[in-house]
Amino acid sequence: MRRRLVILAAVLAPLFPSLPTSAAAAPASASETLAVTGARILTAGPAGSLESGVIVIRDGRIISVGQGAPPAGARVIDAAGSIITPGLFATGSLLGAVEIGALGDDLSVNNPQISAAFDIREGLDPASTLIPIARTGGLTSAVVLPQPAGGGFGAHEHDGEVSGGRLTAGGGHELRPNTLFAGQGAVIRLNGAGDMVVRGGVGVVVAFGKAGAQAAGGARGAQIAALKAVLSDVRAFAANRSAWETGSYRELGLSKADLQALVPLVQGRTPLIARVHRAADIRSVLKLAREEKLRLILEGAEEGWMVAAEIARAGVPVILNPITNRPDSFEILGATLENAARLNAAGVTLAFTAPEGAAHRARETRYGAGTAVAWGLPWDAALAAVTINPARMFGVSDRTGSLEAGKDADFVIWSGDPFEPLSTPKAVYIRGEAQDLTTRQTELRDRYKDLGGPLPPAYRRR
Amino acid sequence: MGLVALSLTACASTSGAGAKAGEKSAAAKPLRAGLDPGARPDAFPTTYRPLPSNDFAIVGARAYTGTGQALNNATIVIRSGRIAAIGEGLEPPQGVQVVDARGKWVSPGLIDSHSHLGVYASPAEEAHSDGNELTSPTTPQVWAEHSVWPQDPGFNTARIGGVTTVQVLPGSGNLIGGRGVTLRNVPSRTVQGMKFPGAPYTLKMACGENPKRVYGSKGQAPSTRMGNVAGYRAAWIEAAEYTRKWDDYRAQVGRGEKADPPARDLGLDTLSGVLRGEILVQNHCYRADEMAIMIDVAKEFGYRIASFHHAVEAYKIADLLAANGICTATWAGWWGFKLEAFDSVEANVPLLQAAGACAVIKSDDADLIQRLNQEAAMALAAGRAAGLQISEAEAMAWITANPAKAIGILDQTGTLEAGKRADIVIWDRNPFSIYARTEKVYIDGALTWDRRDPRYQPRSDFDLGQPGEGVR
């Protein structure tokens, strides 16, 4: 790892002469104080934006964010001319749970004994090649969510195949889900290390609309009835646990593991993450949450702008992909690039996901944010949607999501406006440690950049 | 096939020989047009007419010409739907309407050389799944234009993204998937009303995982990559034989001899068109080693490959592609959705450009087609990060001139040069910015989209009466 970083610094040096290579790439050693100076700092926190600000870091934490001289004795990184933001979030992501889409994943189960109990944090792979590639998009955290069985993730509509399920016999994409709950999500930090899980059990995912109807036997209304029955059983389980354990209570509709997993949901300690698209379905989910006293997060919400006032009134945050604007299904006939702007104007808190589950294309998160700005969203609201908002929604804002004293030093030094494709991250820090920006892709690129030479490319070393 | 061929041949022989022979031989009667592949090579002729336009001039713009140049204070004069003149600081002719583009940017209309608009229309329901004829691995007889639904709302959203020309291709489930068609991106009641006049037909071929998976899973050939290659070669052998039969027949008729015309075969007509150089091969192929095999298949049978598509490993053989004059149509950011897409690099396109090969950014996707400029910007940034000095003006060619070349219409469009069709986009800012949006889109000099004028914001029939009414 150390050797890699040194080489990385050597590669970066000619590109970014303003960044001292040793400072840009070397990890802060324990108890060393690091000060990053001279940049425009967009904190996504109470301090707002600071011209020529200073971030002071020690032991992986932010000591201070402000202006003025760096503390005496600190190792100084001159980031003049750069822009610093908090590390970005990939929300509604599949990172760590998929490597090559068509070869399967650890995102969904179709097992009636394990539905809500499926906890995606178990089985995530820190060695995934997707994680370093995501970092090159300025991402330092991800909210990884399970997918409903048969949901079609991995069935790509590009490549001329259009819907893998149609193309392959028994490809699994047409699998009918037989569980109401997809499982529980997790927040991870994208350091690719064994400690990457920051928080598990951050929400229980349920697909509504057409997908939910399928799970409940065919009709939307049936799913609402089925969920109410299950939630009633979970409350009964929580209140009569010992009787249930000894077999002296009535039979309940879920396995013990699932009942246990749903107790925090009915107690309002963990949110229901409702994957829902059509305006009418959003309304029925809002009503369900109100009646059942559930905390709620909407995901998808392509027609959210049509019920924006109701979502805002309920205080429910929304995860959306800002670039979804075609009537790709009969559930999103009202999709528009102005969805984010209109929801924000109504007072709804937003977080952004990226195409295809913000996994292989997670690095496009920042471009989606920029596109939302092009279509009317205030710039600061777009930054919040990829930093502090998802941190708050998933209960990690005490640690990350903004640049504030006491939080983990997760930040990015950008060459320019972080939403612009022609800007690049000069350095990405997670808990104060400069991350390696070498990826499998940059290794391939460099191996083939010059095609001459006496020996085949397989002999090349970086 | 055998029986049909025999019966058709028998039928044709009783009615006599070909048209040319008629002059020399009283016995020879003209072949019915539908039985003669040469009689009406385009049986579904274009009815495209440019939308109404006036002569006008765009002044004061910063312009990417598509030829690698960037102009300041550019004037573009449009007469009769063509670019009459372009230059820095030109005085617009007296009396023509002037479009003030000071502070704006102008580019050629964008061209997507790999789209499935219309053949996989929105909404993506089974009823709209018309791009892969997965009943045989070799289906050169099918034509994408017969599947195109002109009301696909995706044509409108693509136009808002600045796309004025699209090549619509069949899917990649088959070794030989059928003919592609090049369309003007104008609202039309019929596909014929969109067909780009004079654009060559194209043929979709596919390597790799898709065909072998589709047919292997049915227990038939091909089930391996070597099976794929055997399939292409068998098809070209048949096509060469068919071509020879028709050549022989026409030679005999030309000599005034009595001759039986071969039975017409729609699929072999298309393959024969490729062998004659009239139909351009668009070859879906991810891996470098497979592309090298396909180049040799083409040499074996004497045809050319116009472009490889997806081609995420093109950078590994950039020299080979440059030497063979083959374009590569690919993405910057897409990778890893299947094994043969694992070795993508963001800098694929700039690495090809640096090697002197023809590089194209394409969409293959009804979302990405709306933002080809962003994808080009991502590729450009990746190239710069790799140390390649490429200008924005050069990168503009990846989504304009180069795709025009790859689909055989560079003499008509793809650049802002005098004499070309006036396919022009006015952007509110530099199109390599994430914040850029189109303000006006002209096709053949006609205004087809105007952000500020609802009269020029067409909507599909499908959108009427629906939530949002197609305002995307």
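**Note on a predicted two-chain model**

1. The model is a predicted one, in which local features need pLDDT of at least 70 and side-chain atom pairs count only at pLDDT 80 or more, while totals for chains, interfaces and linings use all residues. Residues are numbered from 1 along each chain as its sequence is written, and chains are lettered from A and ligands numbered from 1 in the order in which they are written.

2. Within the sheet of chain A, strand 8 (residues 183–189) and strand 9 (residues 197–207) pair in the antiparallel sense over five bridges, and Ala186(A) stands opposite Gly200(A) of strand 9.

3. Chain B holds 12 helices and 16 strands. Its radius of gyration (taken over C-alpha atoms) is 23 Å, close to the 23 Å from the globule rule (2.2 Å times the number of residues to the power 0.38) for 472 residues, so chain B is as compact as a globular protein of that length. Along the principal axes, the C-alpha atoms of chain B fill a box of roughly 70 × 50 × 50 Å.

4. The contact between the chains takes 60 residues from chain B and 50 residues from chain A, with two residues in contact if their C-beta atoms, placed from the backbone, lie within 7 Å. On the chain B side, helix 10 gives the most, with six residues, and the residues of that side divide into 28 nonpolar, 20 polar and 12 charged (Ala, Val, Leu, Ile, Met, Phe, Trp, Tyr, Cys and Pro count as nonpolar, Asp, Glu, Lys and Arg as charged, and the others, Gly among them, as polar).

5. Helix 5 (residues 225–254) and helix 6 (residues 266–275) of chain B pack at an angle of about 85° with their axes 9 Å apart, the axes being lines fitted to C-alpha atoms over the stretch in contact and the angles running from 0 to 180 degrees between N-to-C directions. Helix 5 and helix 6 of chain B are therefore roughly perpendicular to each other (65 to 115 degrees; under 35 counts as roughly parallel, over 145 as roughly antiparallel and the rest as oblique).

How values were computed: Two strands pair if DSSP finds at least two bridges between them. Helices (H or I, at least four residues) and strands (E, at least two) are DSSP runs, numbered from the N terminus.
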